[in-house]
Amino acid sequence: MSQLDTRVPAVLLRIDQNPFHHGTLGAVRSLGRAGIDVHLVAEVTGSPVGRSRFVRRLHPPPPGAALADIATALLRVAARIERPAVLIPMDDAGAVAVSRLRTELAPAYLLPQQPAALPERVADKAELAGLCAAAGVPHPVTVVPDSAAQAASAAWRLGLPVVAKWSRPWLLPSGSGLRSTVVVRSPQEVRELYLRSEEAGSPLLLQEFLPPGTGRDWFFHAYADRSGALRGGGPGRKLCAWPRGAGLTAVGEWAPDPKVVTLAELLAAQLGYRGILDLDFRRCATTGRHHLLDFNPRPGAQFRLFTDTAGLDVVRAQHLDLTHRPLPDGRARPGRTFVVENYAPLTALRRAAPHGRELAWYAADDAAPGRAMWGLWAAHVTRRLLGRPRRTGATGATGTLPRVVRQGPPPPSSLTGLPEVPHVPCPADDEKASSR
């Protein structure tokens with residue numbers, strides 16, 4: 001492939017302290033193998049990524065989540081490097097912070113040219129619903145209630161179960177027990193969640209539930225270059241998730257799907273987006289439409305799945321583009337798979353796929369992180385098993401709210417005046433559906 005400019009280092013930023021973030025390790029290896037000096041700004045105590053031989057230097061993470069802390073940490077790193085570097089945030093919190101700090105960071109870092117507020121807008125789950133509606137991209141019906149009573153009414157109207165999301169999940173406090181996305185099955189659960197909005201740091205939104213199923217979960221990764229062209233990625237299908245049905249990709253496959261590509265190109269063009277993106281879709285079993293569930297303005301953890309025949313992926317594409325190097329025209333490799341060993345160990349033991357397979361942790365040329373992961377994972381699983389509460393029946397004694405079966409029509413005090421983004425149909429799918 002076209003040679004990367006090895007004079008320009010890369011700085012990877014991760015604010016999230018998840019030690020099992022294999023996407024960070026993928027970025028370290030991809031750039032390091034290309035001869036780039038990789039500097040990592042993250043908490044790596046006990047994390048396998050700190051063992052990688054491709055990390056040029058580890059830097060302490062920001063002491064806090066405030067923008068001033070992040071700016072100070074990144075500018076301190078830049079002063080040590082003493083030359084401009086390509087900066088790649090690896091999580092939503094980092095992407096939002098870098099977009100807000102663009103003016104302060106631009107002299108020291110190479111960054112994609114796009115509206116400063118755009119990464120924050122697409123990462124905000126409530127704002128994304130409006131952006132999809134404006135662009136004509138299908139998105140689940142979304143309601144943003146402004147009281148606990150409205151939240152309960154919205155759950156009835158949408159039809160239980162519903163999906164509950166925090167608008168800005170990167171603001172969730174650690175140790176709170178709050179998850180960014182949950183499926184709720186009763187109005188009481190919805191009320192309880194809404195009453196924790198202040199603690200969560202962002203509004204609660206409710207979405208129509210699209211049931212999971214075989215072949216319904218898709219994702220799209222790419223780098224939008226200076227011209228807006230999407231490079232270094234493609235559409236993929238989630239074959240196995242952790243947790244099952246609603247979690248991250250444990251096994252993914254590069255799979256052609258023109259509908260997913262069209263929707264991704266449409267949204268990126270409408271927004272004028274530049275940089276790395278990771279989109280999550282779910283196909284409706286009834287209509288066949290792909291609905292956008294999430295827009296992540298950073299590399300997805302499984303981005304290495306989309307390594308083409310020229311060795312191009314999204315982090316290499318960003319480095320090449322921002323250093324004004326040509327991006328090679330490699331061929332796609334449909335059928336290539338990506339496996340996260342700790343979430344899908346049996347799949348990892350199988351023979352490689354005919355079009356290639358990549359493991360998240362194990363690599364022959366960088367074995368230490370894989371060994372460290374298994375030790376850390378065994379300790380993690382043991383703690384979870386020892387700390388799991390015993391179930392005492394259906395009375396909710398473990399702290400889990402009992403499920404309420406929906407009976408009859410929704411209550412009359414419905415959602416008048418409640419902010420809602422309607423479902424946006426895809427014209428091409430409408431035509432196909434009407435011809436069936």
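Axes are lines fitted to C-alpha atoms, for helices over the stretch in contact, and angles run from 0 to 180 degrees between N-to-C directions. Helices here are DSSP runs of H or I with at least four residues, strands are runs of E with at least two, and both are numbered from the N terminus. This is a predicted model: local features need pLDDT of at least 70, side-chain atom pairs count only at pLDDT 80 or more, and totals for chains, interfaces and linings use all residues. Residues are numbered from 1 along each chain as its sequence is written, and side-chain values use heavy atoms, with hydrogens and water left out.

**Stop 1: α1 and α11**

Select residues 22–33, helix α1.

Now show side chains. A27, S30, L31 and R33 in α1 meet V315, R316 and H319 in α11; contact means heavy atoms within 4.5 Å. By class, that makes three nonpolar, two polar and two charged residues. Ala, Val, Leu, Ile, Met, Phe, Trp, Tyr, Cys and Pro count as nonpolar, Asp, Glu, Lys and Arg as charged, and the others, Gly among them, as polar.

**Stop 2: the cores**

Which residues have the most contacts inside the largest nonpolar core? Select L12, V28, L31, L40, I88, V315 and W361. This core has 48 residues. Its members are buried Ala, Val, Leu, Ile, Met, Phe, Trp, Tyr and Cys residues joined through side-chain atoms within 4.5 Å. Buried means under 20% relative accessible area, exposed over 50%, partly exposed in between (1.4 Å probe, protein chains only).

Centre on L31. Beyond its neighbours within four places in sequence, L31 touches L4, A10, L12, I36, V38, I88, V315, R316 and H319. A second, separate core has 24 residues, including V137, W218, V260 and L263.

**Stop 3: α7 and α8**

Select residues 148–158 (α7) and 187–194 (α8). They pack at about 145°, axes 8 Å apart. A148, A151, A152, A155 and W156 in α7 meet P187, V190, R191 and Y194 in α8. The contact has eight nonpolar residues, no polar and one charged.

Finish on S147, in the loop between β6 (142–143) and α7. S147 counts as partly exposed because its relative accessibility is 23%.
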